[in-house]
Amino acid sequence: MTQAAEAAGLAIRNVTSDDEASVRELVTAAFPSDMEARLVHTLRHCGALVLEQVAVDAGGRIVGHIAYSRVTPAAIGPGQGMQVVCLAPVSVWPDLQKTGIGSALIKASLESLKDLGEDLVLVLGPPSYYPRFGFDPVLAREVQGPYAGDAFMALALTEAGSRDLPIEVAFATPFEEFE
Ligand SMILES: CC(C)(COP(=O)(O)OP(=O)(O)OC[C@H]1O[C@@H](n2cnc3c(N)ncnc32)[C@H](O)[C@@H]1OP(=O)(O)O)[C@@H](O)C(=O)NCCC(=O)NCCS
């Protein structure tokens, strides 16, 4: 358990099949449409998810959710053996946003990714939010794919993650709807 999760009175754990309905409700509520909830569902069922975790409050309610899916490096170049994931989406119930749940979930899940041996994490999101966790738009310029610009950020979890660049990557097929 990270300090942030403990301070917020949260337990962070991997998703189980029993969580599927609660997660769908939460992700649908967090975003303007059900596109992200459908993305989670499709990523899960096509086997693209590398890590999926929830934040649970003291009463056992799921209050936050995060998903990371496999990103495939191009077959040539120094980064071809790198383990790359994409953070998307992360969701907190609207009435509980800005109370630290998202931060606790992101910090704890990044630790889990390190334990899994992941090298590089990519995200597309607000440049005002993700740099606090170490995500960097400059590092992401070394990652060629369908996304570019300041909202596209990268975080290296290992030495290889910042060393074996540039790389060209492909995201899991369900992301094509978002390109
Ligand atoms: C984005 C989200 C996961 C953050 O979780 P959270 O629990 O609300 O955030 P935290 O309490 O940990 O952090 C609060 C900080 O995040 C900032 N923040 C929250 N949502 C933000 C957003 N959409 N864009 C930019 N900053 C945001 C707050 O302004 C606050 O900043 P401060 O610390 O400088 O005051 C959550 O707000 C959410 O579910 N939003 C709707 C879905 C969404 O936009 N997901 C991310 C898409 S990539």
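This is a predicted model: local features need pLDDT of at least 70, side-chain atom pairs count only at pLDDT 80 or more; totals for chains, interfaces and linings use all residues.
Reader: How many of the lining residues are nonpolar, polar or charged?

Author: The lining of the largest pocket has 20 nonpolar residues, seven polar ones and two charged ones.

Reader: Tyr129 came up just now. What about serine 103, which residues does it touch?

Author: Leaving out residues up to four places away in sequence, serine 103 touches Tyr129 and Phe133. Serine 103 is in helix H4.

Reader: Is serine 103 buried or exposed?

Author: Buried. Its relative accessible area is 18%, and buried means under 20%.

Reader: OK, cavities now. How many are there of 30 Å³ or more?

Author: One. The largest cavity has a volume of about 60 Å³.

Reader: What lines the largest cavity?

Author: Glu20, Val23, Arg24, Val27, Ala37, Val40, His41 and Arg44 line it. H2 and H3 are the elements that give two or more residues to this lining.

Reader: How does that lining divide by class?

Author: Four residues are nonpolar, one is polar and three are charged.

Reader: Let's stay with H2. Which residues of helix H2 are buried?

Author: In H2, residues 20-30, the buried ones include Val23, Leu26 and Val27. They cover an arc of only 95° around the axis, so they sit on the same side of H2.

Reader: What do the buried residues of H2 pack against?

Author: They pack against H3, E3, strand E2 (49-56) and strand E4 (84-92).

Reader: New topic. How many salt bridges are in the whole structure?

Author: A search finds nine. One of the pairs is arginine 38 with glutamate 177, whose closest N and O atoms are 3.5 Å apart. This pair links distant parts of the chain, 139 residues apart. Arginine 38 is in helix H3 (residues 35-45), and glutamate 177 is in the segment after strand E8 (167-170).

Reader: What is the relative accessibility of those two?

Author: Arginine 38 has a relative accessible area of 39%, so it is partly exposed. Glutamate 177 is at 49%, so it counts as partly exposed. Exposed would need over 50%.

Reader: Which salt bridge has arginine 70 in it?

Author: Arginine 70 pairs with glutamate 118, and their closest N and O atoms are 2.9 Å apart. Arginine 70 lies in strand E3 (residues 62-73). Glutamate 118 is in the loop between helix H4 (101-116) and strand E5 (120-124). So the pair ties together parts that are 48 residues apart in sequence.

Reader: How exposed or buried are those two partners?

Author: Arginine 70 is partly exposed, with a relative accessible area of 29%. Glutamate 118 is buried, at 2% relative accessibility.

Reader: Which residues are joined into a network by salt bridges that share partners?

Author: Glu20, Arg44 and Glu52 are joined into one network. In one of its bridges, the side chains of glutamate 52 and arginine 44 meet at 2.7 Å, N to O. Glutamate 52 and arginine 44 are both buried.

Reader: Last topic, the backbone. Where are cis peptide bonds found?

Author: One joins alanine 88 and proline 89, with omega about -10°. Proline 89 is in strand E4. Another joins leucine 165 and proline 166, with omega about 0°. Proline 166 is in the loop between helix H6 (159-163) and E8.

Reader: Why point those out?

Author: Because most peptide bonds are trans. Most residues other than glycine also have a negative phi.

Reader: Which residue has a positive phi although it is not a glycine?

Author: Lysine 98 does, with a phi of about 65°. Lysine 98 lies in the loop between E4 and H4.

Reader: Is lysine 98 buried or exposed?

Author: Lysine 98 is exposed, with a relative accessible area of 86%.

Conventions: Residues are numbered from 1 along each chain as its sequence is written. Side-chain values use heavy atoms; hydrogens and water are left out. A salt bridge is a side-chain nitrogen of Lys or Arg within 4 Å of a carboxyl oxygen of Asp or Glu. Helices (H or I, at least four residues) and strands (E, at least two) are DSSP runs, numbered from the N terminus. Buried means under 20% relative accessible area, exposed over 50%, partly exposed in between (1.4 Å probe, protein chains only). The arc is that of the directions from the helix axis to the C-beta atoms. Contact means heavy atoms within 4.5 Å. Ala, Val, Leu, Ile, Met, Phe, Trp, Tyr, Cys and Pro count as nonpolar, Asp, Glu, Lys and Arg as charged, and the others, Gly among them, as polar. On a 1 Å grid over the protein atoms alone, a cavity is a set of points where a 1.4 Å probe fits but cannot get out, and a pocket is an open set with protein on both sides within 12 Å along at least five of seven lines; lining residues have an atom within 4 Å of a point. Grid points are joined across faces, edges and corners, and a volume is the space filled by probe spheres set on the points.
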